Structure formats: C-alpha cells, structure tokens
Amino acid sequence: MSINLTLLIVMGVLYACGIYLILERSLTRVLLGLMLLANATNILILAAGGYAGLAPLFNKATDSHEYNDPLPQALILTSIVISFAVTAFMLGIIYRTWSLARQDDIQDDVEDRRVARTPSFDAEDDAAVPVETSEFPLPHAEPAAPDDTGATVPAGATHMPAAAAAAEEKPGRRAPGTTAGPTGGEE
Amino acid sequence: MITVLAVTFVMAAVAPLIFQRMQRNSFYLLAAIPAGATVWLALQFGSVYPGSPGFVEEILPWIPDLKLELAFRMDALAWVMSLLIMGVGSLVLVYCARYFKNSDDHLGGFGAQLLAFAGSMFGLVTADDLLVMFIFWELTTVLSYLLIGYARTRLSARRSALQALIVTTAGGLAMLVGLIIVGNAAGTYRISAVLQKAAELGAGPAQGTIAVAVVLIIAGAVTKSALVPFHFWLPGAMAAPTPVSAYLHAAAMVKAGIYIVARLAPGFSDSPYWLPLVLGLGLATMLVGGYRALRQTDIKLILAYGTVSQLGFLTMVVGLGRPDAALAGLALLLAHGLFKAALFLVVGIIDHQAGTRDIRRLSGVYRSSRALGMVAAVAAASMAGVPLLAGFVAKESVLEAFFHYSQDPAAGPWGLVLLLGIVLGSTLTVAYSARFMWGAFAVKPGVEPTPFKAIRPSFLFVPAVLSVLSIVYGLWPSPVDAWIQPYAALFAPAAGGEGSGPGHLALWHGLTPALGLSVLAIAAGAGMHYGREVVERLQSRVPDWVDGDRAYQHTIGALDDTAVWVTGRTQRGSLYFYLAVILTVAFAVPLAALIIANKPIPGGIYLIDPNSPLQLVVAVGIVVGALAAVRANKRFLAVLMVSVTGYGIALMFALQGAPDLALTQMLVETIVLVAFVLAMRSLPAGLRDRTGGKYRVVRIIIGAAFGVTMIFVAIYAMGARVAPPISLEFPKLAYEGGGGLNIVNVTLVDIRAWDTFGEISVLAVAATGVASLIFVRSRGERLRAAAMVPEGSVGRRTGVERNSRDGATLAMVRRFADISRDAWLVAGRTLAPERRSIIFEVVTRLIFHSLIIFSVYLLLAGHNLPGGGFAGGLTAGLALTVRYMAGGRFELSEAAPVSPGSLLGAGLATAAASGLVPLLLGGQVFQSAIVQIWLPVFGDVKFVTSTIFDIGVYIVVVGLALDVLRSLGAEIDEHFEGAPKTEPERHAETYVGPVESVAGAAARGQE
C-alpha cells in the first residue's frame, strides 16, 4: 500500500480550483476549470499507480515491481489526448458564442424561467365541454355560440376572454380576436 | 389461436390500403375476419369441450431468459368470451359499413383500430401467460383511446379519450404490480399453473403479499370495467362513435375486468379481501349506475349508466366464487353482450336518422320505423329481464344463486343484503329500460314529431340479428348451458346439499323464490316508470353526493399544479444552480459515508516519495499556478496559468517514471496554448467575475469541500487495495505477446486496443465538431493554392487612420517588412508585409522537416522507446502549427494539401483495418503478429503488426491538429478579413502577428 500525499494534495487543490472555476458564468473560466479537473483526475490515476519507479520500458533483468505501474499510464495517455479534443471543441463553442452574440457568458435559460411562472392552465383541460347529444347534428341544431359575458379565464401568464378560449377549442371556427391554430382556419 | 391473432393483426395493418380502394364497404371485408374466427371457434368446440383435456394449448417461446412465452390456452371460459368478442365484433363491423359515410375522414385507420381491437381482446382472453395477457390488456387500452378519440376535432372526444386512457392505465399499472407479485410467488407466469397453485399460495408464508397482489389485480379490473369509484369514464367515453360504444363499452372492453375476475375466481375467491371488494363495489356500482341512468336525457347516456350498473352486477355474480353463480355470471355476460350491443346500435340508427339523441326532442320515432321499435323493444325487454328472453333466463339463475347464498350460514346477514340489493338494482334496471324505450320511441305531448329518415334494411340488419339471438337464447338456453358448465365445474361445490351444484339454465324452473323476485322487480320497475314524474322530482331534490368526474378533474388539476411547482423549483434555467446541486451531492454523499463508516486512516501514507523527492517542488509550482489561474482577471493570464499547471504535471509525470506521459502532456499543452490564443484573439482581454460576490463564498465552499473529499476518498480507496495490481503481468505480456519493449505503448495498441480505438473515434467526432462549429455550413474542404493569391494580400490591415498612433505604428512596420524580399516559405509572400517575421520564417524553414521526421521516428520507435502514435501525431501537428504561424493560412494548405476530414477517415480506416484483417485471416480482432524480415540497408527488422494500428492513431491525431488549425486559425482569419466591409469598427481587434499587442491594445483603448 502506498499513498503519495504530495500527489493527492496537488489533486485536491486542482479539483478545488477547477470546481470553483466551472461554477463561474464566464465560458472561458468554465473551460479552464474543466482543464484543471482533467489534470486533477490524471494525477489521481497516476497516484493509484503507487511509488515512482522506472520508466516502463521492458528489461529482462528488471522485476515487475520496479517499474512505475504502466496501466494507469496508458489510461492517462488516453485521457490527455481526449482532453485536448474536448478543449478544442469548447474553444469552438466559445468563439461561436462570441461571434454570434458578443458574449462569453453562460446565460440563464429564459424559457425555463417562463415555464416556472406559468400556472397550470391548459386550454384543452380547463375549457368547459359542450353537451353534445348527437354525432350528426342538423344545421339548425348547432349549439349556440358561447355568450359573450366578458368572463375571462387565465391563459398562461395573461387572461383571455372565456368565449375566445372556448372558440379556440373548435377548429374551423374562428371567434373574433383569436388566431387560428395549426388546425384552424378551414373555412 | 396464434394464427387467428396473426391474421387479424396483419389484416388490421393493411386495412387502410383496402379502404382507399373500397371505401366504407371495406368494413364488410374486415368483418369477414372475426366472422371466420367465429367459425373457427365452432370447429374448435369438439376439442375444447367433451374431450378429455378440456383445453387447447399453443406455446411459442419468446424470451426464454425471462421465462416469457407466447402461451395461449383455449378453455371453456376463453371459448365463451371469444365467441362473444368475435361474433359481436363481426356484426359491429358490418354495421359500420352503413353507419359511416364515404366522406368521413380517417375511416381506414378507424377500421384498422376496430379490427385490431377485436384481435387484442381475443389475445387477452386466450393468453395463458400473465404478462402476455397484460400486454393485450394494455393494447385494448391504447386502441380504446384511439377509438374514443375518433372525432379528433371535438373537445369532448379528445378529453374523454384521455380520461379513459388515464383511468384504465392507472388501474392497469396497479394490476401489473399485482401480476408480477403473484407470478414471482408462484414461480411461474402461466395462468393455468398459477391457478392450480392458488390454494397453496393463499395459505403459504406469502399469504399477506398474495392478498395485496389480488387487491391490486382487482384494482385493474375495477378501472377497466368502470366500477365505482372509477365508473365516470364510461359515460364520458360515449363521445365515441356509437359502433365503438356498442363494441367496446357493451360487449368487449369493459368485459375485460369481468373476465379477469372470472379467470381468477376459481383460485383466489377465498383471498381475504376478494369478496368484500368484489361484492361491495359491484353492488354499489349496480345501484349508482341504475340510479344515475334514470336522470339522463340522452338515450346513449341512459344506456351508458345502464352498462355501468350491469357491469357492477356482473362483477358481483362472477366474483362470488360458487358454481351456480359462475354459471349464472357467464350466462348474464352473454345475454348482456347481446342486448346491450343491440341497444347501442339502435341508438346509433336513431342518431343517424334523426340527428339527436335527446329524449326531450325525440318524439314519435316508433311511428316512423316500427321495425326499429320492435328490435329495440326485444333488446330492452331482455335487459329488463322479461320472460322468454335471454336476460330473463340469466337473471333467473343469478337470483337463484344469490338466494342460495343468502341461505348459506357462512354468508351471514350479508347474503340477504346482497339479494335485496340485486332485487333493487333489477327494479332500477326495469325502470331505466322503460325510460329508454319511452324516451326514444314514444309520442310525447308538446314535442314536435321528430323528422326521421327511412332506414335501409342493411342498416337495421345487425341489431335485428342481435335481438333475434336474444330470443333464441331465451327460448333455447341449453346450448349456452353446455358451453358454461365446464367453467362452473372448476369451483368447489358449496357445503350443504341444496344448491351445491351449478344447476342449469332453463326458461322454466317451476315456481321458485327467484321467479317471485323477478316478478317483483318487474312490477316495481314498471311502477317506477309509471310514476316517473314523482321519481324525477325526488331525484332532483337529492344533491349530487360525490361526482367521480369532478374528483378526477381535481386530481388531474392538483397533479398539474404539483408538476408546475416542482418544475419551477428544480428547473431554474441556471447552469450554476444545477452544477452547485450536483456537485454538492457529489461531495456530500461520499463524505457522509466516510464519516458514518468511521474507519481508521489507512497506513502507508508518505509525503515525500523516496524514489522521487523533487515531486514536492513541482507540486508547489502546480498549486501556485492553479491558484493564480483562479485569481487572474486577464483572459490570457488565466490561460497561461493553467498552462503552468499543465507543464508542471508533465514534469510530475517525468518524475513519477512516465516518460510517454510527460512527452505527450508537453506537446498537448503547447498545442492547446496555441489553440487558445487563436480562438480567443477576438474576445476582450479582461475577464470579469460576473457571477457576483453573493455566490463567491458558496463556490469556495463547494470547491474546497470537493477537493478535500476527493483527497480522503482517494486515500481510503488506495488504502483498501488488497490484491496485487493486474499490471504486474503487463511487462511480460507486452514483451512476449505484443513484441514491444515500451509497455505503455503496447498496452495502448495491443493489450487495450479496443479502448484506444474508441478513443480515436472520440477524437474524430470532436474534430468534426470543432470544424462544424466554425465553418457552420460546409466542412471547409476547399483548398486554394498559394499561387492564386496576390502578394501581400492576406491579413492586410485596412481602415486605420493615417494620422493616428495606430497608423504610425503600421507605417513603421510596413517600412521594415519589405514586400520585395524573397519568402523563405512557399506561401510566405501572400502574407501582408506587416504580418511577416523573417526570423520566424527562417526558423520554420529550418525546423519543419526535422520535426516531421522526428514525429515519424516517434511513431515507429514508440513500440520500444518512449513515443508512439499519439506523441508522433502531436509532434507533426506542432510542425504544422509552426508553419501556419509563420506563413499564414495559405502556407498551411501548402504544408498539408489534404482535408482534415480525409485524414480522420483514413486514420480510422487504418486502425479498423488492423483490427479486421486478422479476423479475415482466421485470428481474433486486433490480434497482432510479429514479422521478422531482412531489408537491404536496415538488416534484420522486427515488425509488429500492431504498429499499423499505431499509424492509424498517428493519422487521426494529425487530422485533429489540422482541423483545429484550419478551424480556429485559418477560418477565423477569413472571418476577420471579411468583417471590415460590414463592421469596420471591429476590425481593430482582428490582428494576428507582430503588431497584435500594440495595435490591438490601442484599438481597444479607442473603444
């Protein structure tokens, strides 16, 4: 059993700094944080290999224990090159964000905030169902249009007239002041 | 059975095509399938009934590992159910051919769904595997959703379809849990085997669990068969086209719950909660349904609530678990299927011809169509239990069975309560049957006679057939009796002599108490109808107690509110918030585990490695670099500080005994640094902390806690090691198996070649990602020869005012950078004079080829010495970087006249070939071979085929480096050069080369 405290402390500091940086808003700092995290992880794997030893170049006279463990080394080698590719990709993202929006910040998702403010209104769920007593209504038996009493129902963050809300539920017929939905406007 | 199912579903799949050609008459063709199945059932009669096994089995292995098999079993119960499903199914399809118009939309899909539904019901009743049965159960749920929602433009149809789906699926999920518990406890999912073990399970150690499982299964049946308190979905589902109501909501789907109860009753009716649930809910449903039916003004809703009532009734009878009740239950089920389907179809005709189903607007329909009236009268009379008809025969035997039950001392007072409840329910049935007939057909004073179009015989044909069957069944019940007897025989005869056997269905049993009760019910029901105004007045005074529909709305509404609340609290749209939560969990959980476990710190900890004491010094450098990177408020300073840690780690690798890692890390750090500079040259120099001071403390705490936790986790994890490392074998393996001395390299290209292959695939993907982020539209494969480009045109600075400080600097630089001198590089002359550096060009000229040769050396020597494909490829990438920096983007395309995409593809292909070729030669994937050859100059050469894999790695890495240079370097250059025309003010920031620092800073000062 061998636990190299020097390596582990370096790892801990790199992790701490990396975490601090990825909690930033600036994309550049987040990328730097990721690079520190990758380095920290490489050190962790390296430390798992035990004592420093000979370079793992095979020599018949050398006992296996005298080499530094080659397996963690192979893993780290893979990790280094992948980190390079990821870094390049992140750089591409940073450049693109900057050239499109002139900002280097991670923005809050406005849509998520809007969703959080939305009441649980759903026009489909909350409209009153008209009583239908036939699948084959005669022309004169059309149910009367919803009375325009000025009542409103909450729709999203705003209110809309109850009559308009009910009319939206009937594709093909448009009440004044409402827009046709995707299935609407068949007339 | 499997053939019947297959034919049905295949036909359903092609049905839409048939409809395109034959319009609504295709329904006739579809009807032939269930009709054929009915004939097939008749042919099976011989093997299902008098024969010795009493059933036919078909088993097809499906997923043997899960013990899941397509097991089907046709016994008496399945046969009777199938007869109802297929018989009524074909009749309803025939009816559809006249109910719908050719102009109706989506008829093809509708026909397919209806046929598939018949197939699913057939599968449900014949399946002998609990899970297969459940699959068909859910299929019927989904198909019923589609069928109810046929009129997709109507709100009522959409909503009630969804309501039916949610309610029945909720019950179905409960049932699934119950089925799995039962299946696991029994050790088999075969229904027949489970039922044989039922008594043993009910008394065994798991009896409590089994009782709960049975309750869960009943919950499924309760929702599917619309029993109280979930009865509300069935009247809602009347938004479906009437043929659907006739089939799903009278004959087939709602009977699925009854079927489950009937199927399990022989085994589980002794389960502790079975009788209270089945009888209690059944009776409540029967009474609530009958009561509510009397309040409806839509004739279809009268039937719907009537169906609810009858379903409760059926559940009670079928679930009693006595032979006579079982006989009566199935008899009633068949009778109900016949008369209720007929009545629904009659309602469909009335609606179709009159344009309304409202009893306040219907008047004098009987005068318009006497034939329709007769058909309806027979069916309604059967529903009311009028003698000579099917309903009467069945109800008689039910009353008989419950009369015996009430006499049984084991039943106690509840037997009598049930009997009275059934008589009351029957009274209500008679009353609403009369109300239906009166409402649909009678002449009502004060209501105009309803205009009624004449009915074509082909339209009336189906309900007429059903009514005739009701009469035949009533007059000649003995065949039905014979069908059901084997099922009734499954039940142990009740104790006590009288009524211990199943008895028989018959029109005339003599003057029995049951007959008396029948007469009582009919008389009382008729009385209720006669005094209907009094009854209505009484009903209107009683408030609606509990409205299941409203309760459902509230539940769904509360669910919506909760969902929005939870979403609003968790999905904040802030990456910082998410990361903080995730990371806090990531350190808090292991930390808590460490504290709770409270293990002593393992031994073997040392601060200074005796083999490598210098590590401590390097460690200090790395830590300082990391802290400085955090503190840095200039962009490039922060990047440089991170690089310091990176180079420090390369040193650490070297000190630890890992030359390959040190080499690779050095090369990567250098290329990354260049990539950073290239990508970030347009971004502002300052790096402000925009997260705000409020969160800084939180970030410090999370970061520090995470770091400390990782240290302790690592200490304990390494201290927990007990086995010798697997890699002790690697040196031998590498030398003898892989034929190489560099153990790390052999590990990469041979021992763990799969791993490396995955990695280079990731590299290719990431490189492509970078290119697509920068090039956006095309991948930028176009290459232009430097010869086509005018001298000194690339990167030329324009738009600088002559008299400004900037202009003076530029003029100075131009004077010294003489355009006329020869270029040291091929494309050097394309660069603007102020961008050229003679020293850089000369040095590049000197070292480029050496670097390339060195990279090839690293690649080939890597098998035995430090190096390999990764290091070699990175070195070549570095060489290209130098060329690009010195000579601009045309120099880059002169140096590497191939597209990075082709390089990536070629590299991956080479690596893949080195894996596949051994396979073709009869070896393993990625198997390597050692070839000893003699070459003229080199003498004996030992070549290991895994080197080919390494060459693939090399090419991929070069491709990655080239992609980075082409994207972040060359393409961004072009973006800048294109920029001044539209945005002159930004041009000031677009420098690469010697004047960058001066001019860039000056330009930024102006802003």
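Author: Start at Leu388(B), which lies in the loop between helix 16 (370-384) and helix 17 (390-407) of chain B. Helices here are DSSP runs of H or I with at least four residues, strands are runs of E with at least two, and both are numbered from the N terminus. This is a predicted model: local features need pLDDT of at least 70, side-chain atom pairs count only at pLDDT 80 or more, and totals for chains, interfaces and linings use all residues. Residues are numbered from 1 along each chain as its sequence is written, while chains are lettered from A and ligands numbered from 1 in the order in which they are written.

Look at the backbone of Leu388(B). Its phi is near 80 degrees, a positive value in a residue other than glycine. Leu388(B) has 15 other C-beta atoms within 10 Å, so it counts as partly exposed. The scale is simple: 20 or more other C-beta atoms within 10 Å of a residue's own make it buried, 12 or fewer make it exposed, and anything in between is partly exposed, with C-beta atoms placed from the backbone.

Now compare Arg102(A). Arg102(A) also has a positive phi, of about 55 degrees, and is not a glycine. It sits in the loop between helix 3 (70-101) and helix 4 (110-117) of chain A. Arg102(A) has 11 C-beta neighbours inside 10 Å, so it is exposed.

Go back to chain B and find Leu343(B). Leaving aside neighbours within four places in sequence, Leu343(B) is in contact with Leu303(B), Ala376(B), Ala379(B), Ala380(B) and Met383(B). Contact means that the C-beta atoms of two residues, placed from the backbone, lie within 7 Å. Leu343(B) and Ala331(B) have the most contacts inside the largest nonpolar core, which has 207 residues. Such a core is a set of buried Ala, Val, Leu, Ile, Met, Phe, Trp, Tyr and Cys residues joined through C-beta atoms within 7 Å. Helix 14 (residues 323-354) of chain B gives the most to this core: 22 residues. Apart from it lies another core, of 148 residues, which includes Met11(A), Leu75(A), Ile671(B) and Leu962(B).

Next, helix 8 (residues 207-224) of chain B. Its 18 residues reach 26 Å from first C-alpha to last, close to the 26 Å expected at 1.5 Å a residue. The expected span is 1.5 Å times one less than the number of residues. Its buried residues include Ile210(B), Ile217(B), Ile218(B) and Lys224(B). What covers the buried residues? Helix 6 (155-186), helix 7 (191-203), helix 11 (255-268) and helix 12 (274-293) of chain B are included in that cover. Just after helix 8, Ala226(B) takes a positive phi of about 55 degrees. Then comes a cis peptide bond, from Val228(B) to Pro229(B), with omega near 5 degrees. Pro229(B) is in the loop between helix 8 and helix 9 (233-236) of chain B.

Move on to Gly907(B), in helix 35 (residues 900-920) of chain B. Gly907(B) has 25 C-beta neighbours inside 10 Å, so it counts as buried. Its contacts beyond four places in sequence include Ile760(B), Gly952(B) and Val956(B). Ile760(B) is 147 residues away along the chain, yet the two C-alpha atoms are separated by 8.7 Å.

Now a contrast. Strand 4 (residues 930-935) and strand 5 (residues 939-944) of chain B pair in the antiparallel sense over 6 bridges. Pairing takes at least two bridges found by DSSP. A hairpin of 3 residues joins the two strands. Trp934(B) stands opposite Asp940(B), and Leu935(B) stands opposite Gly939(B). The number of buried residues among the 6 of strand 4 is 0, so this strand lies largely in the open.

Last, the meeting of the chains. 127 residues of chain B are in contact with 100 residues of chain A. Helix 28 (residues 693-719) supplies the largest share of the chain B side, 14 residues. That side divides into 74 nonpolar, 35 polar and 18 charged residues. Here Ala, Val, Leu, Ile, Met, Phe, Trp, Tyr, Cys and Pro count as nonpolar, Asp, Glu, Lys and Arg as charged, and the others, Gly among them, as polar. Strands cross the boundary too: 2 bridges join strand 1 (residues 3-4) of chain A to strand 3 (residues 605-606) of chain B, and they run parallel. Asn4(A) stands opposite Tyr606(B) there.
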